[in-house]
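Here is a short briefing on the charged side chains of one protein model. Please have a look at the sequence and structure first, and then we can walk through them together.

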Amino acid sequence: TVVLSGFMNPLRGKLRKTATDLGAKYQDDWEDSVCTHLIAAFENTPKVKQVKRGWILKKEWLEDCCTQRKKVAEKRYTFGYDAGRDGGGDSDTDESESSVSSLESSDAEDRDYLGNKAAQAKPDKTKDTGVKRKADLSPLPA
């Protein structure tokens, strides 16, 4: 489920339509138990501060998903991402990149990261809060 933060209409409406057209569910307010992706206009919004588990991303992630008609890897769209830190090449195809036709996972237990399959490696939920902020993409302490 996708939530938007810090955007004004008409851009907010366009981003919401893009997400739902790609198959994502949309929700106005963040809930850690349901939501997976917060698309933020900037890093310091009240909704960003609410996220305990999930992705906090720039709008370019959603735009690139639309352009490529698939869910693209989230890592390079996090706030503070430093392409130089991991080489910055297009080889950044992690397990979250998917050629599925929609952005929404059909299995409720697979919604930690939008589109991941149950068979894929997932973070240990007892140690990883799942929040991906700035360039630090390592698990955050519990």
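Let's begin in helix α3, where E63 and K59 both lie, four residues apart, or about one turn of the helix. Helices here are DSSP runs of H or I with at least four residues, strands are runs of E with at least two, and both are numbered from the N terminus. Please keep in mind that this is a predicted model, in which local features need pLDDT of at least 70 and side-chain atom pairs count only at pLDDT 80 or more, while totals for chains, interfaces and linings use all residues. Residues are numbered from 1 along each chain as its sequence is written, and side-chain values use heavy atoms, with hydrogens and water left out.

**Overall layout**

- The protein chain has three helices and three strands, and from the N terminus on they follow the order β-α-β-α-β-α.
- Of the 142 residues in the protein chain, 42% are buried; buried means under 20% relative accessible area, exposed means over 50%, and partly exposed is in between (1.4 Å probe, protein chains only).

- Side chains of opposite charge can pair when their charged atoms come close.
- The whole structure holds four salt bridges, each defined as a side-chain nitrogen of Lys or Arg within 4 Å of a carboxyl oxygen of Asp or Glu.
- K59 forms a salt bridge with E63 (3.3 Å, N to O) and another with E60 (3.5 Å, N to O).
- K59 is partly exposed because its relative accessible area is 23%; E60, at 34%, and E63, at 28%, are partly exposed as well.
- Salt bridges that share partners join K59, E60 and E63 into one network.

**Around E74**

- E74 is placed in the segment after α3 (59-68), and it counts as buried because its relative accessibility is 0%.
- A salt bridge links E74 to K71, with the closest N and O atoms 3.4 Å apart, and both of these residues are buried.
- The side chains of E74 and K71 also make a polar contact of 3.4 Å, that is, a pair of N or O atoms within 3.5 Å; within protein, one must be able to donate a hydrogen and the other to accept it, and residues adjacent in sequence count only if both atoms are side-chain atoms.
- The side chain of H37 is another polar partner of the E74 side chain, at 2.8 Å.

- K47 sits in helix α2 (residues 46-50).
- K47 is buried yet has no salt bridge, and the nearest side chain of opposite charge, D29, is 4.4 Å away; Lys and Arg count as positive and Asp and Glu as negative, while His and the chain ends are not counted.
- The K47 side chain does reach the backbone oxygen of D28, at 2.6 Å.
- D29 belongs to the loop between α1 (11-21) and β2 (37-40).

**A link across the chain**

- G80 lies in the segment after α3 and counts as partly exposed because its relative accessibility is 43%.
- G80 and E43 are 37 residues apart along the chain, and their C-alpha atoms are separated by 9.1 Å.
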